[in-house]
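Thank you for making time for this. I would like to walk you through a few local features of one model, so please have the sequence and the structure open as I speak.

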Amino acid sequence: MTTNLLSDVHMQIMWNRLISVVEEQALTLIRTAFSTSVRESGDLSAGVFNQAGEMIAQAVTGTPGHVNAMAEAVGHFIRDIGSNNIFEGDVYITNDPWKGTGHLHDFTVVSPSFRCGKLIGYFACTAHVVDVGGRGFGPDANEVYEEGIFIPIMKFATRGEVNRDLINIIRNNVRESDQVVGDIYSLAACNEIGQRRLMDMMDEFRMEDLEELAEFIFKRSYDATIERLAELPGGSYTNTMRVDGYDAPIDIAVRLEVGKDQIVADFEGTSPPSPKGINCPLIYSAAYACYAIKCAVAPDIPNNYASLKPFTIVAPKNCILNAQRPAPVSVRHVLGHLVPDAVLGAIHKMLPGRIPAEGSGALWNLHISARPLQGDHGPTDGGQRAEVLLFNSGGMGARPELDGPSATAFPSGVQSMSIEATEHVGPVVFWRKELRDGSGGAGQFRGGLGQVVEISPTNGHEIYFNAMFDRVENAPRGREGGEDGAPGSVRLDDGTILAAKGRQHVPAGRRLILELPGGGGYGEPSKRSPELAKQDIEFNYVGQKT
């Protein structure tokens, strides 16, 4: 008994150490990345896997969509490369939306881990790059072929020798070649640091492989998750949530079948695919559906192969959350980030009093192509062409016992780029980036506030931007009597209303104004503390009724 206890303590120490290994792996990517989406916002994932390609541990740094999709992606790498073609010093790469993380802008890199000449596992990481060519980061394409360069699962390096032809092809197919190629090397370096730290750990603990530690982690994670599921009221729970879509509204329908050892989320009844690039491959839809379930029923259990195993996600092939190749998928995050609110709406019926109101959900990503004006109106120094990417977040829904956080990126968890870092990348100026007055949904607990972002080109320049926004026509809904949050809006400073999706123009001398949605309220507004209700009006946190 004492021996088993000591062994368990020893294993737990190694488990904690392994998490620190992958956390340093992720931080290496942040420190060496070229793109602001990685360096400033942490739009990435990193993890370590066993010989079978099952995720043992993930870095805390990173997004649920990347992490949970990457957890499935490594198996695709092993099958496509082939076990007889895996060598020490290899590095593999893809941006295949259906075998990676859902769209071409995410590169996933996998490196086999060898110890004393024996394959013991894999390191993997993912990052969003600023450009992949094609139409750019936006929803206007009609097929994935228009959206940019498609790299199938292949070798970035063989036995330590980089594939120069691949680098040359990428460099000549993207607009920001130095940033993109630099980020790919950063991904490879990220895995290399993970490998070095793992070898240090294995030397210290005198480990020959990872299988015994992986078995310990998997058993405890799975057993703990099953214990949580056994406490749930079994049955079937449904929810439908309407969102904007591209040029027609989209219904996300979900049915949860809850058993003692499994939860199945079925998206039968969800709207069919769109002709535009808001479609979502199942690998990404499943990543965020699993995240929502885990947040509600097992938030404190570490994320790995075994803790995700009890969750099964299915969707018909003719729905927008299971888009088939060659559907356009560039801004798949818009629908993917809204999946958790749809799933949580069903969980609310199972666990009333525990689930927040709906929030803004999808990031309001802004991809800008800045161009100098031509002729006499152009800058005297020739100006600057640049691709600029910016992440912005609306408000979260109110919680059953607390107000909703403002300007918070749920469910993605990414940080916004700083204004200074973004202005350094290209010829743009920020005039405002502040909380949006009156955007929180009223309730016993108030929804979080959205933001107002005001941006323009510098003198002598114009900008085109790819809008990929939602919750403009369909505001985040309140819960249990709480009021809806404010819907978003997109306009110029002269009052011109712009579309929420698609490529658009901001002329020289004009400013683009984004008003991000606020979160829904929770509970009847009449039940709110009089002191807090007064403060909401004084500080203009909620919209006043006329």
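This is a predicted model: local features need pLDDT of at least 70, side-chain atom pairs count only at pLDDT 80 or more; totals for chains, interfaces and linings use all residues.

Let me begin with helix 4, residues 164-171, and helix 5, residues 177-205, which pack at an angle of about 145 degrees, with 9 Å between their axes. Helix 4 passes helix 5 in a crossing that is right-handed. If you look at the side of helix 4, you will find Arg164, Ile167, Ile170 and Arg171, and these meet Ser177, Asp178, Val180, Val181, Ile184 and Tyr185 of helix 5.

Helix 3 contributes Pro64, Gly65, Asn68, Ala69, Glu72 and Ala73 to the contact, while helix 7 contributes Ile283, Tyr284, Ala287, Tyr288, Cys290 and Tyr291. Here the residues divide into nine nonpolar, two polar and one charged.

Which form does the peptide bond from arginine 325 to proline 326 take? That bond is cis, and its omega is near 10 degrees. Proline 326 sits in the loop that runs between strand 11 (311-314) and helix 9 (333-350). A cis bond is also found from phenylalanine 410 to proline 411, with omega near 15 degrees, and proline 411 belongs to the loop between strand 13 (386-390) and helix 10 (419-425).

Finally, I would point you to two residues other than glycine with a positive phi, starting with cysteine 116, where phi is near 55 degrees. Cysteine 116 lies in the loop between strand 4 (106-115) and strand 5 (118-128). Is cysteine 116 buried or exposed? Its relative accessible area is 82%, and so cysteine 116 counts as exposed. For glutamate 480, phi is likewise near 55 degrees, and the residue is placed in the loop between strand 16 (461-468) and strand 17 (489-492). Glutamate 480 has a relative accessible area of 47%, and it is therefore classed as partly exposed.

Methods. Residues are numbered from 1 along each chain as its sequence is written. Side-chain values use heavy atoms; hydrogens and water are left out. Axes are lines fitted to C-alpha atoms, for helices over the stretch in contact, and angles run from 0 to 180 degrees between N-to-C directions. Helices (H or I, at least four residues) and strands (E, at least two) are DSSP runs, numbered from the N terminus. A crossing is left-handed if the near helix is turned anticlockwise from the far one by less than a right angle, and right-handed if clockwise. Contact means heavy atoms within 4.5 Å. Ala, Val, Leu, Ile, Met, Phe, Trp, Tyr, Cys and Pro count as nonpolar, Asp, Glu, Lys and Arg as charged, and the others, Gly among them, as polar. Buried means under 20% relative accessible area, exposed over 50%, partly exposed in between (1.4 Å probe, protein chains only).
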